[in-house]
Amino acid sequence: MDTAELTEEQRMMRQTCRDYVDEVVIPFIRNEWQREWDMDPDSRLPNAILEKADEVGIRTLGVPEEFGGLELDPATEVKTFAIIAEEIARGDSGIADKIIQNWKVAMLLRNLAPKHLQEKWFARLLEDPQFLLAHCLTEPRGASDRWLPYNVPEASMHTRAVRHKDGWLINGRKQFISNGYDAGLFVVYANSNPEVGMLQGTSSFLVPRDTPGLTIARCNETMGCRFMNNGELVFEDMFLPEDHLLAENNALGRAGIYFRPGKIVLAAKNLGVGMRAFELTSDYAQNYIQGGSVLIKHQAVALRLADMATRIEAVRALLDRASRAVDANSPDADTLCNMIKLFASEEIMKVATHAMELHGGNGVMLDFGIEKLFRDAAIFLHMDATVDISKFKIVKSMFPHTAGTYAGSA
Ligand SMILES: Cc1cc2nc3c(=O)[nH]c(=O)nc-3n(C[C@H](O)[C@H](O)[C@H](O)COP(=O)(O)OP(=O)(O)OC[C@H]3O[C@@H](n4cnc5c(N)ncnc54)[C@H](O)[C@@H]3O)c2cc1C
């Protein structure tokens with residue numbers, strides 16, 4: 001985006017992030033590339049990375065000022081999130097995932113959690129640089145039905161919440177959860193009325209990590225974004241007091257406050273991966289000599305670089321349009337969010353493929369750092385709905401009375 005169009009706040013935040021990434025994240029990724037493959041998720045990422053993020057004030061965005069957070073201008077908040085998310089992911093998309101999940105869940109909590117629990121958990125988040133939040137929807141039976149959503153009882157979540165004494169009893173499991181292995185606080189969705197579709201029968205709850213009945217079953221070893229520990233959770237007769245209920249029966253509708261900015265920052269992170277691929281590849285092409293000249297003088301190489309740059313600019317333009325639509329709460333915001341999430345994932349995958357090919361053999365060597373961008377880019381195709389499901393959602397939102405009514409949808 002043209003720097004002249006940024007607000008003072010956005011320019012300042014971007015510079016702070018850029019310095020953090022250039023001085024802390026990129027040197028770490030370059031010098032300690034083997035850490036990504038440490039099979040002990042607890043020691044994979046040194047604590048210093050999140051401590052430094054905390055020092056520069058980017059870890060707790062989304063926390064209201066009254067609870068000690070740094071609140072961004074609400075008129076341009078989502079756009080600012082996008083600018084910062086891109087910068088962090090330019091350094092590493094797993095680290096970006098870790099940090100950004102905190103912003104997204106904080107936005108949900110500030111809208112849905114009772115004041116005394118906001119006070120308690122925002123304080124915990126602020127005092128501990130390693131404290132993480134997680135958002136748990138996906139279950140082993142598949143997430144696509146929920147994303148569409150197929151609003152019929154048989155497509156509802158299997159995780160069940162039933163009223164019990166002065167609260168709720170939860171049984172079930174969640175999978176593929178970002179920060180699911182190491183979060184201190186989880187937002188969990190469960191079926192609270194099996195007679196109706198999920199839009200009318202899903203509730204959400206606040207679940208502290210030490211709640212009896214909650215087990216962190218495993219850390220998934222992902223192909224990319226590996227510094228974010230993706231996890232699986234099991235709930236067995238897990239009791240939650242009444243004040244831990246965030247939304248009763250209409251939780252999926254009320255999560256819009258999470259999903260829209262969520263898709264924007266997801267696409268922005270994806271763009272950051274593409275930017276890093278372009279930075280490294282354009283540098284390589286102007287310095288590496290093959291066939292008698294630097295690579296960029298070969299026309300085929302120049303064409304690929306032009307293709308990379310054009311795709312990146314197209315993603316940036318649509319991202320800008322979509323994030324403005326969310327900030328303005330415009331009627332097409334949902335459609336645009338799905339468009340940019342899907343478009344970014346496919347375009348940046350092509351950018352990362354060019355980057356790998358232009359690096360030749362070096363492109364597939366772990367210690368060279370290019371193949372990591374390819375692996376990281378691949379993860380975005382599936383996050384927050386697959387490419388195909390995102391396309392369904394676009395058409396359903398554009399034609400709600402025809403496409404929107406097939407297969408049991410509301
Ligand atoms: C790195 C990572 C982080 C994640 N973080 C979180 C998180 O924090 N919280 C969370 O809740 N979830 C999270 N997820 C889950 C993610 O949202 C799901 O993986 C994604 O939505 C796809 O769901 P699924 O894996 O269950 O695939 P499925 O729903 O099983 O789909 C399998 C395939 O079938 C296709 N398909 C399914 N249904 C249909 C249909 N009706 N029509 C056509 N095609 C269909 C899909 O497009 C896909 O190709 C994460 C996933 C990843 C990879």
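**Close-up A. How helix 9 sits against helix 11 in this predicted model.** Helix 9 covers residues 256-287, and its partner here, helix 11, covers residues 333-358. The two pack with their axes 9 Å apart, at an angle of about 20°. That angle is under the 35 degrees cut-off, so helix 9 and helix 11 count as roughly parallel to each other. As for handedness, helix 9 and helix 11 make a left-handed crossing.

**Close-up B. Helix 9 again, this time with helix 10.** Helix 10 is made up of residues 299-327, and its axis comes within 10 Å of the axis of helix 9. The pair cross at roughly 160°. With angles over 145 degrees counting as roughly antiparallel, that is why helix 9 is described as roughly antiparallel to helix 10. Helix 9 passes helix 10 in a left-handed crossing. If you step through the residues of this contact, you'll find 18 nonpolar, 4 polar and 2 charged.

**Close-up C. The shell around the ligand.** There are 23 residues surrounding the ligand, and the closest of them are His 135, Thr 138, Ala 143, Ser 144 and Thr 386. Sorted by type, the shell has 13 nonpolar residues, 9 polar ones and 1 charged one.

Close-up D. Taken on its own, the ligand has 970 Å² of accessible area, and the protein covers 71% of that.

**Close-up E. A cis peptide bond at Pro 149.** Zoom in on the bond running from Leu 148 to Pro 149: it is cis, and its omega is near -20°. Pro 149 belongs to the loop between helix 6 and strand 2 (160-164).

**Close-up F. Asn 249 and its positive phi.** Asn 249 isn't a glycine, yet it has a positive phi of about 70°. To find Asn 249, look in the loop between strand 8 (245-247) and helix 8 (251-254).

Conventions
Residues are numbered from 1 along each chain as its sequence is written. This is a predicted model: local features need pLDDT of at least 70, side-chain atom pairs count only at pLDDT 80 or more; totals for chains, interfaces and linings use all residues. Side-chain values use heavy atoms; hydrogens and water are left out. A residue is near a molecule or strand if one of its heavy atoms lies within 4 Å of it. Accessible areas come from the Shrake-Rupley method with a 1.4 Å probe; for residues, only the protein chains shown count as cover. Ala, Val, Leu, Ile, Met, Phe, Trp, Tyr, Cys and Pro count as nonpolar, Asp, Glu, Lys and Arg as charged, and the others, Gly among them, as polar. Axes are lines fitted to C-alpha atoms, for helices over the stretch in contact, and angles run from 0 to 180 degrees between N-to-C directions. Helices (H or I, at least four residues) and strands (E, at least two) are DSSP runs, numbered from the N terminus. Angles under 35 degrees count as roughly parallel, over 145 as roughly antiparallel, 65 to 115 as roughly perpendicular and the rest as oblique. A crossing is left-handed if the near helix is turned anticlockwise from the far one by less than a right angle, and right-handed if clockwise.
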